[in-house]
Amino acid sequence: MKIILLGPPGAGKGTQAENISNNFNIKKISTGDLFRSHIKKNTELGKIAKEYYVKGDLVPDKIPTGMVKEWILNQTDNGWLLDGFPRNIKQAESLNMILDSINSNIDAVLLINVNTELLIKRLLNRQTIEKREDDNLNTIKNRISIYEKETNPLIDFYNEKKILCKIDGNNSIESVFNDIKNHLKNK
Ligand code: ADP
């Protein structure tokens with residue numbers, strides 16, 4: 001099964017990506033985690049990504065697209081999960097091209113929706129625990145507005161392909177995961 005996770009910052013994509021990957025035994029890639037790891041190690045890629053990351057801006061398409069392409073082409077199993085990619089139409093089109101080139105396709109796009117007030121509350125709370133550099137109020141607001149402008153169009157993009165599943169992310173982790181499992185059962 002090949003799955004994409006969509007949703008605003010703070011929707012719980014990372015948590016559910018972990019749950020799905022463990023429960024269905026499929027590999028996952030999180031572009032945000034990869035950037036954090038590069039930034040922590042201060043690699044050349046990390047130095048470039050950091051400029052965008054700390055402001056909550058999208059890292060230029062070429063970088064995440066290249067990372068995801070390399071990862072997908074290296075997968076030997078039939079299933080995978082993308083967390084944090086694609087984040088705009090251009091990335092989604094690149095992904096389609098990559099998948100076309102290996103005769104592959106996406107089975108499900110899970111959209112986790114959470115209301116904005118709760119998103120901000122969760123991210124500010126995470127800031128006190130994980131100390132992520134991009135979890136301060138200004139950056140959070142920028143990330144949410146970029147999500148609305150850049151990532152929201154992907155909802156129609158995938159809805160038209162009839163692979164979009166809407167998940168209510170306002171509930172508990174367990175209940176959201178149950179919902180996800182129910183959706184994936186029919187895939
Ligand atoms: P969140 O969904 O909570 O914003 P992520 O960990 O997915 O967190 O992403 C954190 C940051 O990493 C983004 O704000 C952006 O700077 C960068 N990033 C992650 N994925 C991408 C991507 N596909 N394209 C561009 N930038 C990305």
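**View 1. Pairing of strand 4 with strand 5 in the predicted model.** Strand 4 (residues 108-113) runs parallel to strand 5, and five bridges join the two. Within this pairing, Asn 113 has Asp 168 of strand 5 as its bridge partner. Two strands are taken to pair if DSSP finds at least two bridges between them. Strands (E, at least two residues) and helices (H or I, at least four residues) are DSSP runs, numbered from the N terminus. The model is a predicted one, in which local features need pLDDT of at least 70 and side-chain atom pairs count only at pLDDT 80 or more, while totals for chains, interfaces and linings use all residues. Residues are numbered from 1 along each chain as its sequence is written, and side-chain values use heavy atoms, with hydrogens and water left out.

View 2. Axes are lines fitted to C-alpha atoms, for helices over the stretch in contact, and angles run from 0 to 180 degrees between N-to-C directions.

View 3. Contact means heavy atoms within 4.5 Å.

**View 4. Packing of helix 1 with helix 9.** Helix 1 and helix 9 (residues 173-185) pack at an angle of about 50°, their axes being 11 Å apart. This angle makes helix 1 oblique to helix 9; angles under 35 degrees count as roughly parallel, over 145 as roughly antiparallel, 65 to 115 as roughly perpendicular and the rest as oblique. Thr 15, Gln 16, Asn 19, Ile 20, Asn 23 and Phe 24 of helix 1 meet Ile 173, Val 176, Phe 177, Ile 180, Lys 181 and Leu 184 of helix 9. The residues of this contact divide into seven nonpolar, four polar and one charged. Ala, Val, Leu, Ile, Met, Phe, Trp, Tyr, Cys and Pro count as nonpolar, Asp, Glu, Lys and Arg as charged, and the others, Gly among them, as polar.

View 5. The axes of helix 6 (residues 116-130) and helix 7 come within 10 Å and cross at roughly 140°. Helix 6 is therefore oblique to helix 7. Their contact includes Leu 119, Ile 120 and Leu 123 of helix 6 and Ile 140, Ile 144 and Glu 148 of helix 7. Lys 131, in the loop between helix 6 and helix 7, has a positive phi of about 55° although it is not a glycine. Helix 7 (residues 137-151) also packs with helix 8 (residues 153-160), at about 40° and with the axes 5 Å apart.

View 6. Lys 27 forms a salt bridge with Asp 77, the closest N and O atoms being 3.6 Å apart; the term denotes a side-chain nitrogen of Lys or Arg within 4 Å of a carboxyl oxygen of Asp or Glu. Lys 27 lies in strand 2 and Asp 77 in the loop between helix 4 (62-73) and strand 3, so the pair ties together parts that are 50 residues apart in sequence. A cis peptide bond, with omega of about -5°, joins Phe 85 and Pro 86. Pro 86 is found in the loop between strand 3 and helix 5 (89-101).
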